[in-house]
Amino acid sequence: MSEQTMTPGEAEAPVAPESAETPEAAEAAVATSAPEAPPAHALPEGAPPLPDAPPVVPVADDAAPRPPRRVLRAVARWTAAALAFGVLGTGTAFGIASLERTDVPGLATEGDGRWDYPDLSLPALPAGSPRPFSPANPAEIHHADLRELLLPAPAGAKPDKKLTGGWISTETFLDAYREQDRRSVAQLLKDAAPRHIAARGWTMPDGTTSRIYLVRFNSTAFASRMIDDLNVGSSAGTPLARTDTTDLDPGWGSANDIENLSSFVFTEQAPFGAEHVRQAYTLAGDTMALVVHERPGKRESARIPFQQTLILQNQLLA
């Protein structure tokens, strides 16, 4: 047989030895009509015979074809990058969450004017005495020292020399009202016979003066009657000193109210005099609170620190 040129990739096959064709073999060839196998080279002498079929490599049923090595390297690089950015992003988010808003560049906002009050805590009670609004105290009596229920002054405040946080006389309390109304208020106090009056005052750097008065009566009935006798409700009632037209403060909402307490909040309307006054009465069981913020000049007393002061004082009374 003559030699043929093999194309790359073709498998070599042994040349079958020539033999005489029998009739049975010819008949079988015609019956099957099988295509002839392409001729192949003869194997060199001494070469091992080729197998009839390529060897079968056992593969697990769930095995998948292995991706090219280049793809594996690319996936590994992207996975590492994603993990690195994930850790960096988590650290950044935690860092921002732990900062104050004004510490974050681009998110800094001006302060809303709140005053820096110290941490508050309730005073100790006499042994066996309940809190004023607990189920064991239906009379709603404050057993704690009234002076210790006064809100402390915020940072930067200049203390009032007359209202130092101690007991005050009836005459000192009457100074909160207009001179022409002090006699009638004095009669109301005489009729209600309060047990104690405590007060604290201070002045802030912007000139705002804050005064807080706590008046404790013998029962909740006397405290409630005092609010009524001062005509406090839909109006500010008996005018305070240095006030003109005072109406309900629209900036105070029910969300600011504290359970078991009733607050009546007012602000002086324009045009006002030489100072602007905000005031509030709170009925807290056997105790009446009066909170006053007064700012000289033509600018209003700031609403936010006033509400802050009132809410914190109410929390101490509740």
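Sheet, cores and an exposed proline

Me: What is the order of the open sheet of 7 strands?
Reply: The order is 1-2-3-7-6-5-4, and the pairing is antiparallel. Strands here are DSSP runs of E with at least two residues; helices are runs of H or I with at least four; both are numbered from the N terminus. This is a predicted model: local features need pLDDT of at least 70, side-chain atom pairs count only at pLDDT 80 or more, and totals for chains, interfaces and linings use all residues. Residues are numbered from 1 along each chain as its sequence is written, and side-chain values use heavy atoms, with hydrogens and water left out.

Me: What makes strand 1 and strand 4 edge strands?
Reply: Strand 1 (158–167) and strand 4 (246–248) each pair on one side only. Pairing requires at least two DSSP bridges between two strands.

Me: How do you know that strand 6 and strand 7 pair?
Reply: The count is 10 bridges, in the antiparallel sense. The criterion asks for at least two, so the two strands pair. Val277 has Glu294 in strand 7 as its bridge partner. Ala284 is bridged to Thr287.

Me: What joins strand 3 to strand 7?
Reply: 8 bridges join them, and the strands run antiparallel. Here Ser210 stands opposite His293.

Me: Which strands does helix 5 lie across?
Reply: Strand 5 (262–268), strand 6 and strand 7. Helix 5 runs at about 150 degrees to strand 6.

Me: Why is strand 7 called mostly covered?
Reply: 9 of its 10 residues are buried. Buried means under 20% relative accessible area, exposed means over 50%, and partly exposed is in between (1.4 Å probe, protein chains only). Over the 318 residues of the chain, 31% count as buried.

Me: What makes a set of 29 residues a nonpolar core?
Reply: Its members must be buried Ala, Val, Leu, Ile, Met, Phe, Trp, Tyr or Cys, joined through side-chain atoms within 4.5 Å. The largest such core has 29 residues. Those with the most contacts inside it are Phe173, Tyr177, Leu230, Tyr281, Met288 and Leu290. Elements that each supply at least two residues include helix 3 (170–174), strand 2 (196–203) and strand 7 (287–296). The largest share, 4 residues, comes from helix 4. In soluble globular proteins, nonpolar side chains tend to be buried together.

Me: What does Phe173 touch, not counting residues up to four places away in sequence?
Reply: Ile168, Leu189, Ile197, Tyr213, Val215, Met288 and Leu290. Contact means heavy atoms within 4.5 Å. A second, separate core of 25 residues includes Trp252, Leu310, Leu312 and Leu316.

Me: Why is Pro250 called exposed?
Reply: Its relative accessible area is 75%. The cut-off is passed, so Pro250 counts as exposed. Pro250 is found in the loop between strand 4 and strand 5. Its C-alpha atom is separated by 8.7 Å from that of Val265, 15 residues apart along the chain.

Conventions. Axes fitted to C-alpha atoms, helices over the stretch in contact; angles between N-to-C directions.
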